[in-house]
Amino acid sequence: MGKQGSPLSPEMREVVVKLKLYFDRVRGDEQEEILQSVFRTSHALDIGIASVRRIMADYNRDPSNIKKEFLKRGRPSRAIGDNGQSLARSFIRDANSNGRHITLEVLQDYLKQALGDSEFSIRTLGRALDRWGFTFGKGTRSAHLKEKDYVIAARRRYLRSKLNNRSGNTTKRPEVYLDESYVNKNHSNDYIWYLEEDGPWVQKPTGKGERLIIINAITKDGWVPNAKLVFKSTKRTGDYHGQMNHEMFAKWFQEKLLPNIPKESIIIMDNATYHNALTETSAPTVNCKKEAIKNWLQINKIPISDDCLKAELVEVLNKVAPSPTYAIDEIAKQEGHDVLRTPPYHPELQPIETCWGVVKNEMARNCDFTMQNLMVQIESAFKKVTVKTCLGLIEKMRANEDDFWQRDLELYANE
């Protein structure tokens, strides 16, 4: 018989089909009716019931399927989404605060259980943790996974600003959360009900199809009125970041967002590149090109050698340069608003991220794989995010903020 986890041979699958069909034919008397042919085939050949049903589904679609060699191909998905990121951070911080030893293997087991069907390797998880700002270092009692210093510092600055804006259960200044997302024409639910012996017959196009880019913002009162921008992407690869640029974002920011938000708002956004375009008078950052850094140092009469490498210029820049100034921040200040950026790798501090999930889930339920329907459905999908939705998400986010603030004190105050 087939070894557990190994594919059955074509010959064995042919035996399964013949025996199942035989049991179907002889179900005449009452005793035979009691035992279904699927279960009898499974018992007779000592293979799983699911395997019998899967083989019969393949056979019913195309009898030639049973003669094909089915090998396990490919590799597990390498992507670990935002939900995995939030779960990993919470798990690591809990383990650190309780003094528990944690390794990649322990974290991998936890995430696989928490995320259900997700499959990823230890190497994939390690790269993801590094990308999210974690490191493996010596803790106060034992070696453990910990966040990198720049992530901790960015979070503390952000949380300090948010907490200072609170007055009891209300905010001193209105808070506006903005973000961009996208949805594809063929975005639909993959899970359906079907008869197991027939298999999942889904008439669904291959590929993701054309794409809509979406920009919007929320407050405690729901979506910002008249701020939604939806347009068709001209690029088929990557996500919305490849379609957006600073000029497009700044135009939306000035013409659709600022006129429709409360006075003296705090506008909260992530660190996308097009959010962080520098002003003409700003000091360069370490991400700028070598020539830009060198020119700025020379203009400000900072002594450097002509043969300096970029690494050397960055070292000097970090010692003398003031904080960079961003074009979007200047635009906001002219209208009496301030911009606050979330710390990197913290989707749980952006309530609008969950709003996108609500919108996309609604569109997936009503997908018919046409662009015309996609444009119609997006309008009704946005209505699923109500004032109550936004209030609940913001309340949950504030609980996350309080938890981060307290946990940071517990974990890092004595370092």
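**Notes on the model**

1. Leaving aside residues up to four places away in sequence, Asp329 touches Val339 and Arg341 (contact: heavy atoms within 4.5 Å). Asp329 belongs to helix α12, residues 327–334 (helices are DSSP runs of H or I, at least four residues, numbered from the N terminus). With a relative accessible area of 15%, Asp329 is buried (under 20% relative accessible area, 1.4 Å probe, protein chains only).

2. This is a predicted model, in which local features need pLDDT of at least 70 and side-chain atom pairs count only at pLDDT 80 or more, whereas totals for chains, interfaces and linings use all residues. Residues are numbered from 1 along each chain as its sequence is written, and side-chain values use heavy atoms, with hydrogens and water left out.

3. Helix α3 spans residues 37–45, and its buried positions are Ser37, Val38, Thr41, Ser42 and Leu45. Viewed down the axis of α3, these residues fall within an arc of 140 degrees, so they line one face of the helix (the arc is taken over directions from the helix axis to the C-beta atoms). An α-helix has 3.6 residues a turn, so residues three or four places apart point the same way.

4. The buried residues of α3 pack against α1 (10–25) and α4 (49–61). Just after α3, Asp46 adopts a positive phi of about 60 degrees.

5. In α4, Ser51, Val52, Ile55, Met56, Ala57 and Asp58 are buried, and their cover includes α1 and α3. The 13 residues of α4 reach 19 Å from first C-alpha to last, close to the 18 Å expected at 1.5 Å a residue (1.5 Å times one less than the number of residues).

Key: Helix = DSSP H or I, 4+ residues; strand = E, 2+ residues; numbered from the N terminus. Buried < 20%, exposed > 50% of the residue type's maximum accessible area, 1.4 Å probe, protein only.
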